[in-house]
Amino acid sequence: MLKSIGALLGVLILAIAISPRIFLQPGNLTDILRQISLNGIISIAMTFVILTGGIDLSVGSILALSTTLVAMGLARQGHGIPAAIAIALAASAAVGALNGLAIATLRIQPFIVTLATMIGVRGLAKWLSNNENIDIGFGHDIAAQFASIFRQKWVVITSFLTISSTFLVILGRTLFGRHVRAIGDNEKAALYAGLPIRTTKVWVYGLSGLLSGFAGVLYAAENHQGNPNAGVAYELDAIAAVVIGGTRLSGGKGSIAGTIIGTLFMGVLTNLLRLNNVDSNVEMMIKAVLILLAVAGKS
């Protein structure tokens, strides 16, 4: 994790040196935290998945399903805010748990299972919404109140910090966290030791779906719409943050603290490039090179 901290300090020093007046403004710093929060929440879940030696390519599609369901519940079906959120989260967690069940019982590679889910769940979100965005208004109805509450900067940032703190404790201080690491480090040894491998994987992927769904709820509020096309390539951003944070792709080694550092690194880098009007295509190329360097440095 020391290399990850060094990388974050390096990009912070670079940002301060190039754009000190704008970058250090409190509004810009909190904007960075807000912008990284959705990816950060998904990355926390992805950390657990990768620690078991798996991968979850479906997180972006689950986010899209969640935005669609919460917007449908509020704007079309007249549900209250708690009910609409509960439906979106329950569906998201169920998709994740089904991923885990298929991986653990059918012994299909996580890449294949979650790739299929990524395609299928995206199709489900588009089918439910008739391939249209579901708008959440700006008036005084329930949908508008939902957006007004959950799009606030402090709500988004506090959600990310609370989830990060909670899962930091879960991974570091609970039996479940030790099981996650043990399965990723050596699944055969974990099996011989009698660890609940199947149950742990179902829980890990279920939590991945749940957190992706919660990110979808925040996305719907921030953008005032349920968008079945939302979340494209979010899984890649999450994997990048986890890898840059020092988690080993083969599983067993990594930390939530490292993932938070990786998420901050990506956020500060993105902010620095955009403050200096770097072309978005060049931005993607720079990120690609940095991800390769991060992986190479840990291999």
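**Labels and their cut-offs**

Tutor: Lys-201 counts as buried, because its relative accessibility is 10% and buried means under 20% relative accessible area, exposed over 50%, and partly exposed in between (1.4 Å probe, protein chains only). Please keep in mind that this is a predicted model, where local features need pLDDT of at least 70, side-chain atom pairs count only at pLDDT 80 or more, and totals for chains, interfaces and linings use all residues. Residues are numbered from 1 along each chain as its sequence is written, and side-chain values use heavy atoms, with hydrogens and water left out.

Student: What makes the contact of Glu-187 and Lys-201 a salt bridge?

Tutor: A salt bridge is a side-chain nitrogen of Lys or Arg within 4 Å of a carboxyl oxygen of Asp or Glu. For Glu-187 and Lys-201 the N to O distance is 3.1 Å, so the pair meets that definition. Glu-187 is in helix α10 (residues 187-192) and Lys-201 in helix α11 (residues 197-223), 14 residues apart. Here helices are DSSP runs (H or I, at least four residues), strands are runs of E (at least two), and both are numbered from the N terminus.

Student: Why is Glu-187 called partly exposed?

Tutor: Its relative accessibility is 34%, which falls in the in-between range.

Student: How many salt bridges does a search of the whole structure find?

Tutor: The search finds 4. One of them joins the side chains of Asp-31 and Lys-153, at 2.9 Å from N to O. Asp-31 sits in helix α3 (residues 26-51) and Lys-153 in helix α8 (residues 153-173), so this pair ties together parts that are 122 residues apart in sequence. Asp-31 is partly exposed at 30%, and Lys-153 is partly exposed at 26%.

Student: What makes Asp-185 and Arg-248 a salt bridge?

Tutor: Their closest N and O atoms are 3.4 Å apart, so the pair passes the distance test. It links Asp-185 in helix α9 (residues 175-185) with Arg-248 in the loop between α12 (234-244) and α13 (256-275), 63 residues apart. Asp-185 is exposed at 54%, while Arg-248 is partly exposed at 35%.

Student: Which residues of α1 are buried, and where do they lie?

Tutor: They are Ser-4, Leu-8, Val-11 and Ala-15. They cover an arc of only 70° around the axis, which puts them on the same side of α1; the arc is that of the directions from the helix axis to the C-beta atoms. On the other side, Leu-2, Lys-3, Ile-13 and Ala-17 are exposed.

Student: Why is Leu-2 called exposed?

Tutor: Its relative accessibility is 73%, so Leu-2 falls in the exposed class.
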